[in-house]
Amino acid sequence: MMVTIEPGYTSDEMMTVAAARMLRDRQVCFVGIGLPSAASNLARLTHAPDIVLIYESGTIGTHPDILPLSIGDGVLAETSVAVVSVPEMFTYWLQGGRIDVGFLAAAQLDRFANINTTVIGDYLNPKVRLPGAGGAPEIATSANEILIIIRQSKRALVEKVDFITSIGFLDGVQTRADLGVTTAGPRAVVTDLGILAPDPVTHELTLVGLHPGVDVEHVKAETGWPLRVAPKLEITSPPTDTELSVLRDLNTRSAQAHKAVG
Amino acid sequence: MAEITSLNEAVAGLIHDGDSVAMEGFTHLIPHAAGHEIIRQRRRNLTLIRMTPDIVYDQMIGMDCARKLTFSWGGNPGVGSLSRLREAIETGWPHPLEIEEHSHAAMANAYVAGAANLPCAIFRGYRGNDLTKYNSSIKYIDCPFTGERLAAVPAIRPDVAVIHAQKADRRGNVLMWGIVGVQKEAVLASRRSIVTVEEIVDSLDAPPNAVVLPTWTVSAVCKVPGGSHPSYAMGYYGRDNVFYRRWDSISRSREKFTNWIERHVLGTKDFAGFRRSIAADNEGAE
């Protein structure tokens with residue numbers, strides 16, 4: 001008799017855990033708000049205790065015990081090694097070349113890992129106006145490499161973004177180097193279904209990993225271009241008990257904190 | 001020398017219709033009380049400048065204070081969009097809103113250039129970014145020494161900067177700490193400035209290298225305790241994340257938004273009155 005066993009974790013939890021594992025201890029990571037912030041702090045609270053987390057509000061080496069709701073919450077300043085002004089953050093630290101990994105989220109992401117957080121539809125006649133660029137365009141070009149985390153759907157992973165807010169590999173023909181960009185760009189895209197990485201030659205995002213229980217057809221159906229699949233697919237190890245309990249505790253503490261007036 | 005005055009008088013005397021106004025604050029120390037006073041005094045046709053316009057600019061845009069917004073990230077952080085900003089951009093209500101859109105790096109550098117009395121800022125940025133197709137103030141310049149192609153944007157030189165800080169002394173010297181964003185640069189880049197503070201003290205007791213704006217760089221200092229609520233003032237009170245979440249539903253429709261502003265902002269005399277008004281509303285809701 002076939003018995004279906006519920007995995008005991010959600011696809012969002014798998015995504016966050018898989019993204020956290022991409023970070024190494026002692027790296028300097030420039031953290032975007034939302035999904036990247038959860039994954040970065042999970043890494044810090046598990047396998048990467050000496051990772052240096054930097055938020056664009058100016059907090060360097062921060063150790064928040066809850067996830068910030070906004071990029072400049074008090075907990076980031078209270079638990080950081082240093083707080084610098086925003087101009088200093090973008091000049092000395094980001095442009096200065098001190099960031100190993102920029103960790104970004106995206107509203108729309110395309111085949112060549114370009115990110116759109118500006119507008120759905122035409123810029124001058126928008127269907128949906130999104131918040132805009134923030135720090136991402138220069139994170140995408142100044143950090144040594146980029147990690148991207150995004151929930152996979154046909155609407156989010158598109159053939160070509162409506163607007164390039166932050167570059168990945170452009171149209172796949174023009175190169176980053178053509179624009180004078182010397183950093184590596186996106187290394188991996190972690191989704192709730194698996195892991196995509198740019199092909200070393202064409203830079204096209206290719207499926208290289210699957211989370212447990214997900215099949216290739218499902219990922220293809222949730223991708224807005226004919227998705228290429230690597231010859232050998234890695235299957236992500238399911239979240240460990242430690243990863244799950246640390247993540248859940250973090251989310252619970254954060255939810256409680258954001259319900260109360262500080 | 002800064003004049004120590006009421007917020008009502010400072011806004012009346014220093015902010016005029018048509019001015020460019022930078023009200024800065026990066027999550028922390030956002031000058032909400034000053035924004036409300038601008039709404040009460042019904043300023044019009046302002047060019048609003050801010051890296052991270054959030055709900056106070058949403059309120060001012062929804063109340064028709066602005067004709068243009070210069071910004072680099074406009075949202076309700078961790079919650080979602082700004083409905084009034086979106087409606088102004090998407091449908092032109094209550095007034096068509098011209099936008100000049102940048103990245104954070106561009107705006108931060110442009111404020112520094114303004115404070116430094118330079119015509120423009122130069123930085124390594126805007127490579128491959130589609131904003132360059134729509135924002136004609138983004139240009140490129142070749143480094144005369146290395147030939148590297150760099151981005152250039154005009155310096156930000158507002159008519160008025162408005163910020164909130166923790167403390168001033170009785171002469172009007174201002175001290176702030178924590179996440180200080182671009183506030184010092186915004187004040188030094190502007191012709192005039194208003195600083196609201198949590199308290200006015202005999203002595204700032206600022207350590208060397210603290211972020212201090214000397215009194216002669218500021219036009220007016222106004223004591224407004226709690227004046228950045230629902231943002232926060234480190235050392236005084238935390239961010240009211242519940243209010244940020246509530247704003248999403250308050251601002252969703254024109255009617256609900258307008259009623260809320262009429263009742264709590266236009267219907268009150270000052271920020272203390274506003275705080276009492278929303279507190280009474282919250283009790284009624286429970």
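1. In this predicted model, strand S5 (residues 101-105) of chain A and strand S10(A) pair in the parallel sense over 5 bridges, and within that pairing Gly102(A) stands opposite Ile146(A) of S10(A). Strand S10 covers residues 145-149 of chain A and is mostly covered, since 4 of its 5 residues are buried. S10(A) also pairs in the parallel sense with strand S12 (residues 186-190) of chain A, here over 4 bridges, and the bridge partner of Ile148(A) in S12(A) is Val189(A).

2. For Val174(B), once its neighbours within four places in sequence are left aside, the contacts are Ala165(B), Ala168(B), Val195(B), Val197(B), Val212(B), Leu213(B), Val218(B) and Val221(B).

3. Where the chains touch, the contact takes 42 residues from chain A and 48 residues from chain B. On the chain A side, the elements that give two or more residues are helix H3 (74-78), helix H4 (86-95), strand S9 (125-129), helix H5 (136-142) and helix H7 (241-259) of chain A. Sorted by class, the side of chain A that touches chain B has 20 nonpolar, 17 polar and 5 charged residues.

4. Turning to the fold of chain A as a whole, its secondary structure comes to 7 helices and 15 strands. The radius of gyration of chain A is 18 Å, close to the 18 Å that the globule rule gives for 262 residues, so chain A is as compact as a globular protein of that length. Its C-alpha atoms fill a box of roughly 55 × 50 × 35 Å, taken along the principal axes, and buried residues make up 52% of the 262 residues in the chain. Of the contacts in chain A between residues at least 6 apart in sequence, 67% join residues at least 24 apart.

5. Chain A also has an open sheet of 3 strands, in the order S7-S6-S11 and with mixed pairing. Its edge strands are S7 (115-116) and S11 (157-158) of chain A, each of which pairs on one side only. Strand S6 (residues 108-110) of chain A runs antiparallel to S7(A), and 2 bridges join them; one of the paired positions is Leu109(A), whose bridge partner in S7(A) is Ile115(A).

6. Strand S15 (residues 228-235) of chain A is hardly covered, the count of buried residues among its 8 residues being 0, whereas S10(A) is mostly covered.

7. In chain B, helix H2 (residues 32-40) is mostly covered, with 9 of its 9 residues buried. The buried residues of H2(B) include His32(B), His36(B), Glu37(B) and Arg40(B), besides others such as Ala33(B), Gly35(B) and Ile38(B). After H2(B) comes Arg42(B), whose phi is positive, near 50 degrees.

Definitions and conventions. Residues numbered from 1 in each chain as written. Chains lettered and ligands numbered in written order. Predicted model: local features only at pLDDT ≥ 70, side-chain atom pairs only at ≥ 80, totals over all residues. Contact = placed C-beta atoms within 7 Å. Nonpolar A, V, L, I, M, F, W, Y, C, P; charged D, E, K, R; others polar. Pairing = 2+ DSSP bridges. Buried ≥ 20, exposed ≤ 12 C-beta atoms within 10 Å, placed from the backbone. Rg over C-alpha atoms; globule rule 2.2 N^0.38 Å.
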